[in-house]
Structures are given as C-alpha cells and as structure tokens.
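Hello,

Here is the structure I promised to pass on to you. Have a look at it first, and then read my notes below.

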Amino acid sequence: MDFLRPTTWADALAAKAERPEATPIQGGTDVMVEINLDKGRPAALLDLNPVAELRDWSSEDGWLRIGAGVSYTRLIDELGDRLPGLAQASRTVGSPQIRNRGTVAGNLGAASPAGDSHPPLLASDALVEAESVRGSRLIPIGEFYLGVKRNALEPDELIRAVRVPYADGPQYFSKIGTRNAMVIAVCSFAVALHPSRRGVGTGIGSAAPTPRRAPEAEEFLAGELDWDGRTAVPDETARRFGELVARAASPIDDVRGTRDYRVHALAVMARRTLGWAWTEYRGI
Amino acid sequence: MADIRMRVNGSIEKLDVEPRVSLLDALREHLGLTGTKKGCDQGACGACTVLADGERIVSCLALAVQYADRDITTIEGVTSPLQRSFVRHDGFQCGYCTSGQICSAVGMLTEHAAGAPSAVTGDLATMEIELTAEEIRERMSGNLCRCGAYNGIVAAIEEGIR
C-alpha cells in the first residue's frame with residue numbers, strides 16, 4: 001500500500017489525477033476501520049492532513065465555505081451559531097475522540113447512507129465543492145449521493161470544501177441509536193425552516209440507499225405553516241408531515257433495525273423536530 | 001516502509017513502519033508502550049485513546065505515518081491527579097479501559113477549559129459550562145467500561161476537577 005503525502009492542494013490534485021484509485025484520508029476515522037478489519041486494503045492512501053488550505057473556513061454572502069480538513073469539533077465550536085442543524089448532527093457523530101479527527105468532507109467522501117452530516121446538509125441545500133486538475137465545480141447536495149457508499153465525484157476529483165448557507169430559521173436534527181456515542185444511526189432526520197422564502201427543508205438518513213429529502217413533506221408543510229401569525233401547528237398537520245416524511249423513505253431490515261421500525265421512527269422524529277423548530281420560530 | 005520521527009511522552013522516537021500500521025500498533029509493537037490498550041480496533045471502545053498535541057484521539061483509527069513529527073502522550077507519560085482519584089474511587093475493575101479513560105479525561109478537561117459545549121449543554125452561549133455528572137458522562141461517552149465502573153469513573157473525574 002502506497003502512502004502519498006502532498007503538502008499543497010495543487011500537489012494533492014496532481015496526485016489524485018495520477019493515481020485516481022488512491023483513497024483520500026483526512027481524519028481516518030472511516031478509512032481506518034476498513035483497513036483494520038481487513039475489509040479491503042486500498043492500493044494507495046492520499047493523506048490530505050498536511051494540506052494547510054483545507055483546514056480553513058471562510059464566509060461570503062451568507063454562505064460558509066468549510067474546508068475539507070475542518071474537524072467536527074471545530075465546526076461545532078466555531079460555526080455552530082450559524083449552522084445549528086449541522087452542529088447538532090456533528091455533536092452526535094462518533095465520540096469526542098472521533099469528532100476531534102473526523103470531518104464533514106470525509107462523511108461526504110464515504111457517502112454512507114447512515115452518515116450524520118447528510119440530513120442537515122440536505123435540509124439546508126448545501127453544495128459540495130469538488131476539484132480536479134481539470135477544474136472546480138459545485139455539486140448540489142441533492143445530486144451528490146448516487147447509491148450506497150457511492151457519490152458523484154469523478155475518479156480524479158477531491159472534495160475541496162462544503163458550502164452551506166447561514167441558517168435563516170430554526171434547524172433541528174434527531175437520530176436513533178442504542179448508545180450516546182459511536183452509534184451508526186438506525187435512522188435520522190433533519191428539518192430546516194426557511195422563513196425568508198417560506199420554505200421547509202428536510203433530510204432523511206439511514207432509511208434508503210442514499211440520504212434523501214422528503215420533497216412532498218416539504219411542500220405540504222411549507223403551505224400549511226402560519227408563517228405570519230405564527231400560530232401553533234395543528235396536530236393533524238404535524239401528523240401528516242410525519243406520514244409524508246416516512247413515505248419518502250425506503251428502508252430495509254438490517255442488523256440495526258427493521259424496516260417497519262424505521263418508518264415509524266421517522267414519522268415520530270419528523271413531528272418532534274418540527275415541534276422544536278416551530279416553538280423556536282414562535283419565540284416561546 | 002517509512003522512516004518517521006515522533007515525540008512520544010517527551011522523547012523523540014524513530015520509527016520504521018509500513019504505511020498501514022496504526023498509531024496504536026506503532027506504540028505497542030514498535031515502541032513497547034503497552035499501556036495503551038487495543039479493545040475493538042475500530043474506534044468504538046476508546047481503550048486506545050492517546051493525546052496528539054494535547055487533543056484526545058483513538059490511536060487505532062490513526063496511521064502512525066500521519067503523526068510524523070507530532071507530539072503523542074500515552075498513559076506512560078501522563079501525570080495527573082486523576083490517576084490517584086481513579087484509585088480512590090474504584091474507577092475500574094479489570095483495568096483494561098483505564099489508560100484510555102484517563103487519557104480521555106485529560107483531553108476532555110482541556111476541551112472543557114476551552115469552553116467546548118457537549119450534546120447535553122443547554123445554553124450554548126454560556127462560557128462557564130459546569131461539569132455536572134451528566135456533562136461528564138456525555139463527554140466521556142467515547143470510552144466504554146465493560147465492567148461497568150462508570151459511577152466510580154464519574155466520581156473520580158468529579159474529584160479530579162475540584
């Protein structure tokens with residue numbers, strides 16, 4: 001197994017172009033599990049830790065550009081106020097030790113349907129900044145996940161950054177697991193309210209081959225919410241929202257949970273996160 | 001093979017390891033520092049927790065070559081009042097998780113001192129987060145103790161911070 005250690009972003013892109021089969025490694029918290037359990041040894045590892053540019057984040061026009069090397073711990077500490085949904089999900093990733101090393105970009109690279117960052121990224125219409133020696137492009141998050149552990153990156157592309165708009169309303173995340181730490185989500189859900197455009201964003205995790213949104217649920221809820229009067233959400237509306245979220249999923253039975261449980265739990269999480277978000281919006 | 005240098009518990013160590021060797025295996029097998037334990041080898045148990053430049057990480061999910069020229073502290077290099085309080089409060093039974101628990105607690109206290117919130121912190125704006133038993137349990141949730149000495153561990157950490 002070769003170990004490639006570029007020290008600049010340009011060198012990293014050149015290395016990936018030359019060795020497209022190389023697996024990028026940042027915190028290592030996902031890649032190393034596969035190596036330790038001998039589930040497959042990559043032909044080469046491309047260590048992105050020495051690339052200093054990736055450790056920065058910046059802010060422009062209401063968007064944050066989070067470098068691929070920013071750890072969950074730093075995201076929570078430094079960006080939690082502007083990205084509450086992603087920060088909440090980040091606080092549930094792995095364990096404190098894992099959060100010190102793991103990154104959102106790593107979660108995207110791995111593209112596991114159970115990754116915790118995916119639902120809030122979907123709910124807030126994030127963009128993935130992919131780059132290769134051929135150039136740079138922005139991939140809308142909804143087009144990024146292609147299948148179980150498959151994403152839209154070309155073989156010569158690396159993730160440079162994730163771009164997420166500042167929260168323009170309440171955002172909440174919920175996940176089900178058997179332990180506080182180190183849980184691979186049985187299923188998870190994120191909601192974001194966008195009062196400026198009277199819209200609703202959703203993200204479902206671990207309940208389909210890829211993380212996905214629940215477009216019908218979003219459209220329904222956006223039309224039902226009393227954005228101006230801020231009156232309470234009728235139980236019937238919340239229940240229907242939960243149903244539509246659950247209907248958007250296509251979960252399977254596996255070691256972590258059954259299909260039926262996931263469908264049920266998603267509806268509960270959808271109602272619950274909506275309750276939290278609307279309470280915050282009403283300012284009570 | 002890769003020739004690297006690493007500062008471990010204050011002394012510069014030379015290592016000649018294959019790129020696939022984890023930091024945990026490098027410490028245990030190459031440097032003979034067996035205080036750091038291998039539990040699950042997949043990041044779930046926390047027994048292999050060490051400090052990298054003061055930050056707690058699980059050494060099983062770290063490649064040794066990624067930590068070239070970094071400063072690693074293992075339990076052999078820790079001197080903390082926590083060690084006595086773990087003994088006083090029976091913060092263990094078999095002891096296998098203890099070195100990871102203590103390294104993790106040392107890192108946790110540094111994070112807390114820097115104002116880092118946890119998943120159970122209510123008011124995120126507050127600068128002075130009180131380390132209640134609930135906060136300690138959440139912040140130590142990356143370390144399992146299969147003997148179930150959690151009450152002793154929490155008590156030891158509570159005493160250690162007083």
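**Notes on the interface and the sheets**

Between chain A and chain B, 14 residue pairs are in polar contact across the interface, both residues of each pair being at pLDDT 80 or more. A polar contact here is a pair of N or O atoms within 3.5 Å; within protein, one must be able to donate a hydrogen and the other to accept it, and residues adjacent in sequence count only if both atoms are side-chain atoms.

Before the rest, some housekeeping. This is a predicted model, in which local features need pLDDT of at least 70 and side-chain atom pairs count only at pLDDT 80 or more, while totals for chains, interfaces and linings use all residues. Residues are numbered from 1 along each chain as its sequence is written, chains are lettered from A and ligands numbered from 1 in the order in which they are written, and side-chain values use heavy atoms, with hydrogens and water left out.

Back to the interface. Chain A brings 30 residues to the contact and chain B brings 34 residues, where contact means heavy atoms within 4.5 Å. The two chains bury about 2,600 Å² between them, with 55% of it on carbon and sulfur atoms; buried area is the accessible area (1.4 Å probe) that two parts lose on being put together, summed over both. Of the area that chain A buries against chain B, 24% comes from Arg91(A), Gln97(A) and Asn100(A), more than from any other three residues.

How many salt bridges does the rule find across this interface? It finds 0 between chain A and chain B, taking a salt bridge as a side-chain nitrogen of Lys or Arg within 4 Å of a carboxyl oxygen of Asp or Glu. On the side of chain A that touches chain B, two or more residues each come from α2 (31–36), β3 (44–47), α3 (72–79) and α5 (96–101) of chain A. Helices (H or I, at least four residues) and strands (E, at least two) are DSSP runs, numbered from the N terminus. The most comes from α5(A), with 6 residues.

Now the sheets. In chain A, 5 strands make an open, antiparallel sheet in the order β4-β5-β10-β6-β7; two strands pair if DSSP finds at least two bridges between them. At its edges stand β4 (57–60) and β7 (135–140) of chain A, each with a single partner strand, so one side of each has no neighbour in the sheet.

Within that sheet, β6(A) and β7(A) pair in the antiparallel sense over 6 bridges, and a hairpin of 2 residues joins β6(A) to β7(A). Ala130(A) stands opposite Arg137(A) in β7(A), and Val128(A) stands opposite Ile139(A) in β7(A).

The structure holds 27 salt bridges over all chains. One of them pairs Glu129(A) with Arg163(A), whose closest N and O atoms are 3.0 Å apart. This pair links distant parts of the chain, with Glu129(A) in strand β6 (residues 127–132) and Arg163(A) in strand β10 (residues 158–165) of chain A, 34 residues apart.

Chain A also has an open sheet of 3 strands in the order β11-β12-β13, with antiparallel pairing. Its edge strands are β11 (171–176) and β13 (199–205) of chain A, each pairing on one side only. Strand β12 (residues 187–194) of chain A and β13(A) pair over 7 bridges, and Ala190(A) stands opposite Gly203(A) in β13(A).

Best wishes
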